[in-house]
Amino acid sequence: MSGAAPAKPVVDLADGEWHRLHPASPLLRGGLVFIAIAGFVIANLRERVVEFFLVIFAPGQLDDGFGEWSDENDWGRDPIGGIVANNLVGWALLGVLLVVVLVIAGFWLSWRMHTFRITPEAVEVRSGILFRSHRSARLDRIQGINITRPVFARLFGAAKLEVQVAGQSGNMQLAYLGSSLTDGLRRDILRLASGARATKNGPAPAVALPTVASGEAVTVPGIPEPLPGAAPSAEPPTIGSRAGAIVGQRVDEFLAPELDPELAPPESVVHIPVGRIVGSTLLGGAALWMLALAGIVVAGIVSRQLWMLFTFVPAAIGIVSYLWSRITKSLRYSIAGTPDGVRVGYGLLSTANHTLPPGRIHAVEATQWIFWRPFGWWSVRINVAGQSVTNGSEAAQRTQVLPVGTAEDVQRVIALLLPEAAEGGPVAAQIGSGLTGRAGREGDRFSATPKRGAWLHPFSWRRIGWSVSDGIALLRRGSLVRRLVLVPLARMQSVALSAGPVRRGLGLAELRLHTVVGPVVPSLPVIEREAGEALFAHLADEAVERANEDRSQHWGRETADA
Amino acid sequence: MPEQSDHPEQPDHTEQPDHTEQPVHPEQPAPEQPAPAQPAHRFTPDAEWRRVSPKYLVVEVIGSIITTAIIVAALLVAFSLWGLWWAPWAAGAVALVAIIAIAFEPRRVRSIGYRLREDDLLFRRGIMFHRQVAVPYGRMQLVDITRGPVARALGLAELKFVTAAAATAVTVPGIPEAEADRLRDELVALAESRRAGL
């Protein structure tokens with residue numbers, strides 16, 4: 001354990017050595033809560049504290065009987081009063097000091113004991129003071145890398161890096177790291193994971209260096225700061241200029257775009273106007289709640305039952321804060337393809353970005369709610385491994401790759417997510433009819449559902465259909481909520497065909513494609529029985545075939561071998 | 001969903017079943033070699049559906065009887081204690097439904113079938129609620145053998161296949177124990193040889 005920390009500033013965190021986190025990590029992780037509690041306690045005790053000082057320094061100023069510090073009245077019975085009454089002020093202060101010292105020592109110790117390293121095989125984290133834990137995630141199992149920068153962490157120039165692996169609660173968090181080093185670390189982890197080890201460990205790493213060098217030119221100014229213990233070894237110019245440099249760097253980081261422009265071809269970035277974000281949020285699911293609330297308010301005013309208004313204040317606050325968080329999270333949204341996967345970034349004050357390496361996306365769904373239809377807005381969600389459905393809003397945010405966009409945006413996003421659906425291919429040609437088309441339209445290459453399907457799906461039976469090309473199954477359904485699901489067969493887990501008594505009677509069946517758990521459920525609720533059996537057989541065969549051909553898990557291997 | 005309702009009671013799960021699990025990929029093999037198309041050892045794919053053991057009928061019938069008996073008893077107790085007038089009628093209805101279900105049990109058990117094809121396992125069950133699933137061998141994460149008390153007395157076991165998708169839910173009941181062990185080893189070997197990514 002001892003001697004694990006590097007003695008000099010580190011440029012490359014992925015060098016196989018043990019490293020420490022950003023020194024402000026404990027404070028950012030739990031310390032802010034502690035400070036908030038202390039502030040709360042002090043604010044509540046303000047009067048007592050003021051009087052306490054008055055008693056000590058100006059005993060004559062108080063009215064008789066007001067500050068009787070004795071056991072008989074209320075004053076003596078509350079903790080602070082009791083301490084003063086029993087002349088324990090000194091001990092109490094000592095106790096407080098002790099607690100503060102212990103907390104600081106605990107923070108420091110937990111920081112000392114929390115180390116991580118990145119080897120060519122795995123990401124490893126050791127942590128814990130009394131109960132040591134050592135977690136290790138294999139690089140070839142990595143499902144994604146998320147970098148989050150909450151507002152407070154950004155002020156400290158820190159960022160949280162999360163390595164997402166398959167399996168529930170299997171994520172490895174590195175909270176927090178120096179903000180500028182984090183991007184380099186992500187790049188290195190992804191490069192190691194891509195299978196392109198030769199470029200990293202080979203005798204002549206010059207091949208990979210041009211991009212690396214330019215990246216490091218940016219990161220170097222940030223290095224002395226994340227590891228202040230190293231500062232004495234260098235000669236700091238003056239404290240003033242150094243502080244100025246740090247502040248300037250913070251400002252630069254704060255204003256910098258979430259997406260590194262060097263890494264992304266700019267033409268592929270989807271741009272969402274602010275108006276569309278606000279509009280889509282207002283017309284989203286919360287719109288119904290707002291309507292209901294408005295109705296209640298109007299009813300309350302008309303019937304002069306004003307108390308009704310107050311009971312709905314909490315609900316109104318909830319809705320407004322939900323809308324606000326949705327809007328701020330969607331602001332500055334960006335999506336772009338990088339050599340190591342698709343990167344989705346968003347956030348105004350707290351920023352985050354997720355990198356999805358190639359071959360990790362198990363299903364893609366474009367959805368259009370009925371209120372969005374006049375505007376032609378769609379949202380895109382995905383299934384990735386290691387993502388539980390009930391994992392809260394952060395996970396929901398992560399599976400939502402496009403909060404709102406036009407049909408063209410959807411095309412572009414899907415082309416990024418599934419390389420098979422790139423523009424000009426047969427899959428891309430069908431996305432348009434998959435989004436809005438229905439059976440019977442010209443140029444529609446989706447299968448048609450027989451009319452008796454209307455017994456089960458009276459509104460949407462015309463839209464229910466499927467198509468398979470280039471190893472991608474396209475399933476479309478839904479009329480009020482239009483859905484188009486794309487499943488790369490190379491990653492389909494299994495396929496099921498089922499029929500209950502009603503469907504059997506109608507000569508129909510239901511087909512489901514099983515993928516990893518996520519918000520997208522690829523299914524075809526109604527399909528003609530024979531067609532269903534044929535499709536079942538076809539999908540089962542093609543899934544095996546595509547899985548054998550699939551090499552996207554190690555997307556960098558070919559380039560490294562070449 | 002509907003596929004559950006054709007086997008409404010699974011007595012094997014009510015008591016502590018003994019559990020043996022075997023991970024399909026005990027140590028992740030080095031990802032260097034691409035998944036070979038040919039299996040490591042020869043195995044002949046099934047030409048026909050394999051049926052589960054006819055003795056499995058006993059397991060299902062006993063399970064149905066126990067569940068029905070518990071419900072009927074509870075309803076009769078409710079009638080005698082609180083005098084709920086509808087309770088005996090409900091008990092009668094439950095018993096009737098159970099008897100009809102038991103009458104169809106032989107057909108249902110016969111409808112359960114599985115088939116090891118060249119690259120995937122095919123599983124089907126149900127008459128009223130028919131369900132058919134294909135699981136590629138390379139997708140299997142875990143093969144799990146469970147023995148319930150009744151099934152164990154009859155020398156039967158239940159084989160469960162777990163993939164990365166929770167919805168796969170393929171459980172082949174009523175396999176003789178020796179056959180279950182052999183099948184598990186064979187499937188693990190097959191999964192190893194056709195291993196794909198997640």
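Trainee: Which residue stands opposite A:Val495?

Mentor: Strands of a sheet pair through backbone hydrogen bonds, either parallel or antiparallel. Here A:Val495 stands opposite B:Ala134, a residue in strand 5 of chain B. Strand 17 of chain A and strand 5 (residues 130–136) of chain B pair in the antiparallel sense over five bridges. Strands are DSSP runs of E with at least two residues, helices are runs of H or I with at least four, and both are numbered from the N terminus. Two strands pair if DSSP finds at least two bridges between them.

Trainee: What kind of model is this, and how are its parts labelled?

Mentor: This is a predicted model, in which local features need pLDDT of at least 70, side-chain atom pairs count only at pLDDT 80 or more, and totals for chains, interfaces and linings use all residues. Residues are numbered from 1 along each chain as its sequence is written, while chains are lettered from A and ligands numbered from 1 in the order in which they are written.

Trainee: How many residues does each chain bring to the contact?

Mentor: Chain A brings 28 residues and chain B brings 28 residues, where contact requires C-beta atoms, placed from the backbone, to lie within 7 Å. On the side of chain A that touches chain B, strand 17 (494–499), strand 18 (508–514) and helix 19 each supply at least two residues. That side divides into 14 nonpolar, ten polar and four charged residues. Nonpolar covers Ala, Val, Leu, Ile, Met, Phe, Trp, Tyr, Cys and Pro, charged covers Asp, Glu, Lys and Arg, and the others, Gly among them, are polar.

Trainee: Where are the bounds of the domains in chain A?

Mentor: Such bounds come from an automatic or database domain assignment. Besides domains 2 and 4, the assignment for chain A gives domain 1 (29–111) and domain 3 (274–330). Five residues of domain 1 of chain A are in contact with four residues of domain 2 of chain A. Helix 5 of chain A gives the most to the side of domain 1 that touches domain 2, with three residues.

Trainee: Which spans of chain A does UniProt list as "transmembrane region"?

Mentor: The unreviewed UniProt entry lists residues 27–45, 88–109, 282–301 and 307–324 of chain A; its positions are in the numbering used here, feature names are shortened, and annotations may be inferred rather than shown by experiment. In the model, residues 88–109 of chain A are 95% helix and 0% strand, with end C-alpha atoms 31 Å apart. Residues 282–301 of chain A are 90% helix and 0% strand, with end C-alpha atoms 24 Å apart.

Methods
Contact = placed C-beta atoms within 7 Å.
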